[in-house]
Amino acid sequence: MRLALDEARSCVGSGDVPVGAVVLRRGAVVAAAGNARERLRDPTAHAEILALREAARRTGSWRLDGCTLVVTLEPCAMCAGAIVLSRVDRVVFGTDDPKAGFAGSLGDLVRDPRLNHRVELTSGVLGDACGDVLRAFFRERRDDAADQSSG
């Protein structure tokens with residue numbers, strides 16, 4: 001999770017929401033990414049999607065069985081769907097996303113029994129640290145907006 005936090009912090013300069021993701025296989029890092037929606041002007045450039053794409057490229061297969069995805073924020077519906085479709089074995093995330101999370105908050109796509117693949121899920125790993133990074137980012141954005149409106 002510390003590597004995922006590093007990835008999250010690295011994307012703040014581009015204005016992206018600080019979310020980081022790391023794909024591991026047999027304990028080794030296969031891929032890592034931070035959100036890049038703003039930088040790439042791509043609505044699908046979530047940290048999880050970018051990390052899964054890179055892991056598939058590096059392993060030579062879209063099937064990422066045997067892999068664990070570690071991410072700082074609970075995956076959204078799009079990312080949860082990609083996780084299931086990529087056959088990732090396990091997801092570890094830091095902090096819940098009550099507004100968009102689909103690994104237990106708004107829904108639980110990664111463990112839906114109607115799908116052909118279910119993912120083992122662990123939540124709350126370094127949750128305070130992951131949440132702190134997000135809160136600091138949004139606090140700074142609110143402060144900047146307040147400064148602009150009062151100036």
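**A helix pair and a pocket**

The axes of helix α3 (residues 47-59) and helix α4 (residues 77-85) come within 9 Å of each other and cross at roughly 25°, the axes being lines fitted to C-alpha atoms over the stretch in contact, with angles running from 0 to 180 degrees between N-to-C directions. Because angles under 35 degrees count as roughly parallel, α3 is roughly parallel to α4. Where they meet, Glu48, Ile49 and Leu52 of α3 touch Met78, Cys79, Ala82 and Ile83 of α4, contact meaning heavy atoms within 4.5 Å. The residues of this contact divide into 6 nonpolar, no polar and 1 charged.

This is a predicted model, in which local features need pLDDT of at least 70 and side-chain atom pairs count only at pLDDT 80 or more, while totals for chains, interfaces and linings use all residues. Residues are numbered from 1 along each chain as its sequence is written, and side-chain values use heavy atoms, with hydrogens and water left out.

The largest pocket has a volume of about 500 Å³; a pocket here is an open set of points on a 1 Å grid where a 1.4 Å probe fits, with protein on both sides within 12 Å along at least five of seven lines, and its lining residues have an atom within 4 Å of a point. Of the 21 residues that line the largest pocket, Val17, Leu73, Asp97, Leu134 and Phe138 are the closest to its centre. Helix α5 (residues 127-150) gives the most to this lining, with 4 residues.

Terms used
Grid points are joined across faces, edges and corners, and a volume is the space filled by probe spheres set on the points. Helices (H or I, at least four residues) and strands (E, at least two) are DSSP runs, numbered from the N terminus. Angles under 35 degrees count as roughly parallel, over 145 as roughly antiparallel, 65 to 115 as roughly perpendicular and the rest as oblique. Ala, Val, Leu, Ile, Met, Phe, Trp, Tyr, Cys and Pro count as nonpolar, Asp, Glu, Lys and Arg as charged, and the others, Gly among them, as polar.
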